[in-house]
Amino acid sequence: MTLVGTGLALHTGQAKALPPEVIRPPGARAEPEFLGACLRCGMCVRDCPYHILDLAKLGQNTAVGTPYFVARGGPCEMCVDIPCVKACPSGALDPTLTDINRARMGLAVLADHETCLNFLGLRCEVCYRACPLRDKAITLEQQQNPRSSLHAMFIPTVHSDQCTGCGKCEHACVLETTAIRVLPRRLAKGELGGHYRLGWEEQKKAGKPLIEGVMDLPDRMPETTK
Amino acid sequence: MKQGIGSEAIRVKGWFAAHQWLLARRATQFAVLALFLAGPWLGYWIVKGNLNYSLTLGVLPLADPYVLAQSLVAGHTPERNALVGAAVILIAYFLVGGRTYCAWVCPVNVVTDAAHWLRARLGVPGSARISRSTRYWILAMTLALALITGSISWELVNPVSMLHRGIIFGIGAGWIIIVAVFLLDLFVAGRAWCGRLCPVGAFYSAVGRFSPLRIVAVRREQCNDCADCYAVCPEPLVVKPALKGAADGIGPVILSPHCTNCGRCIDVCSRDVFAFGARFSNRGNPLAGAAEQAAAVNVS
């Protein structure tokens with residue numbers, strides 16, 4: 001019995017690590033908590049009007065019977081009435097989520113700058129067009145194209161305070177393998193040390209330069225610019 | 001040479017009467033499944049969900065109280081619908097007998113009954129000794145795991161929900177677990193899964209500990225000791241106290257919470273000894289013989 005229990009406990013530990021391409025429905029609680037709350041009933045799957053949700057099966061690397069979607073297969077359509085959350089009987093999908101724009105299913109990351117067509121100087125920006133929160137969750141940031149010095153590059157830029165992780169950008173990416181993809185926020189987001197201060201903000205707060213005069217620090221240019 | 005189980009009953013009562021509860025049970029099992037499948041297969045959404053939680057006609061929530069118990073132990077407080085659904089199920093199975101779930105609803109019952117039938121047919125010899133109380137240890141283990149891991153661990157492997165959800169939502173590699181249960185019952189030990197290991201059944205045993213709906217050996221004085229009821233019973237230990245306890249002052253009601261109310265003993269008895277009845281049939285003292293019966297079952 002102890003052996004069986006230990007085995008199942010280890011298996012449980014493994015099941016907690018969600019594969020990065022697997023996205024939980026809107027309002028899903030953080031993964032360990034979700035697995036203690038989800039009843040594996042599939043009510044959210046049934047009430048999704050776009051049929052993007054499915055229940056994980058044995059053999060997939062996701063806890064058996066729990067709901068998920070894969071953005072490249074079909075993204076969350078961000079229904080304003082959030083029927084999947086309403087259908088959830090257990091609260092594994094948090095019922096306090098009433099504004100779909102506040103969903104945080106993951107975070108889109110423009111993972112590959114080498115293949116993204118906008119980074120190559122084209123005006124693809126399909127991800128930007130597909131974004132339900134265009135100009136908020138994804139903006140196009142203008143840069144000079146260093147290859148010509150004449151042209152501009154419009155870099156799709158995701159803003160983590162707005163992105164819901166719906167996956168529309170990933171779904172829409174025209175590449176054979178997507179350059180932009182929704183990742184779990186824990187994988188996508190960095191975190192500054194608590195003691196870090198942004199000089200330009202501190203200066204604004206103080207209303208004056210924080211250091212009198214000009215500090216001259218040694219120049220350390222990258223090898224490629226020499 | 002002794003004839004097959006229930007052959008005397010078939011001769012006396014006719015084939016149909018000697019299989020009526022079995023037929024009713026299979027009909028119920030498949031009707032429950034059909035209700036769940038009418039939505040995804042035909043577009044008639046009478047019942048949505050699966051045995052873990054379902055919503056009937058958009059108003060009646062039903063939830064598996066065992067899964068919900070694990071969720072609670074794991075530290076999650078469920079929303080209202082899940083709690084109401086579990087309460088409805090607890091009350092319903094308290095009334096009709098906890099393990100009535102096992103015999104009349106659970107889809108794994110069909111699998112293990114098939115294994116048992118084939119085991120008898122092939123004459124598979126020997127049986128590994130697995131105590132009938134092992135299921136309670138597994139039940140305790142699953143709750144302990146939920147507490148330790150904060151996750152409903154048992155649902156990662158539970159054959160009951162694996163099969164039912166699998167039929168409705170797609171089973172993936174889950175059929176391996178179902179085949180494992182079948183082979184276990186066929187070759188390792190008779191009635192191993194439902195009768196010895198399954199914590200879902202153990203949980204429902206507890207729910208039905210004091211259920212009013214019982215099988216009663218109403219005409220036990222007519223028993224001719226053919227022993228067909230023992231042979232057909234998935235929990236043979238539950239029969240004896242009620243059937244043979246007259247001399248010891250034990251009432252005729254089968255009070256063991258392990259009885260699944262499957263009614264096969266009624267079917268195979270040519271003397272109509274058994275019938276569905278109430279636990280209060282032990283006149284005067286509704287718990288007469290309960291302790292003795294519990295003791296008899298725990299001896300296993």
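Trainee: Is the crossing in which α8(B) passes α9(B) left-handed or right-handed?

Mentor: This is a predicted model in which local features need pLDDT of at least 70, side-chain atom pairs count only at pLDDT 80 or more, and totals for chains, interfaces and linings use all residues. Residues are numbered from 1 along each chain as its sequence is written, chains are lettered from A and ligands numbered from 1 in the order in which they are written, and side-chain values use heavy atoms, without hydrogens and water. A crossing is left-handed if the near helix is turned anticlockwise from the far one by less than a right angle, and right-handed if clockwise. For α8(B) passing α9(B), the crossing is left-handed.

Trainee: Which orientation term describes α8(B) and α9(B)?

Mentor: α8(B) and α9(B), the latter spanning residues 175-188, pack with axes (lines fitted to C-alpha atoms over the stretch in contact, with angles from 0 to 180 degrees between N-to-C directions) 9 Å apart and at about 125°. Angles under 35 degrees are roughly parallel, over 145 roughly antiparallel, 65 to 115 roughly perpendicular and the rest oblique. α8(B) and α9(B) are therefore oblique.

Trainee: Which residues of α9(B) make the contact with α8(B)?

Mentor: From α8(B), the contact (heavy atoms within 4.5 Å) involves Pro159(B), Met162(B) and Leu163(B). On the side of α9(B), the partners are Ile177(B), Ile178(B) and Val181(B).

Trainee: Is Asn158(B) buried or exposed?

Mentor: Asn158(B) lies in the loop between α7 (134-149) and α8 (159-169) of chain B. Buried means under 20% relative accessible area, exposed over 50% and partly exposed in between, with a 1.4 Å probe and protein chains only. Because its relative accessibility is 3%, Asn158(B) counts as buried.

Technical notes. Helices (H or I, at least four residues) and strands (E, at least two) are DSSP runs, numbered from the N terminus.
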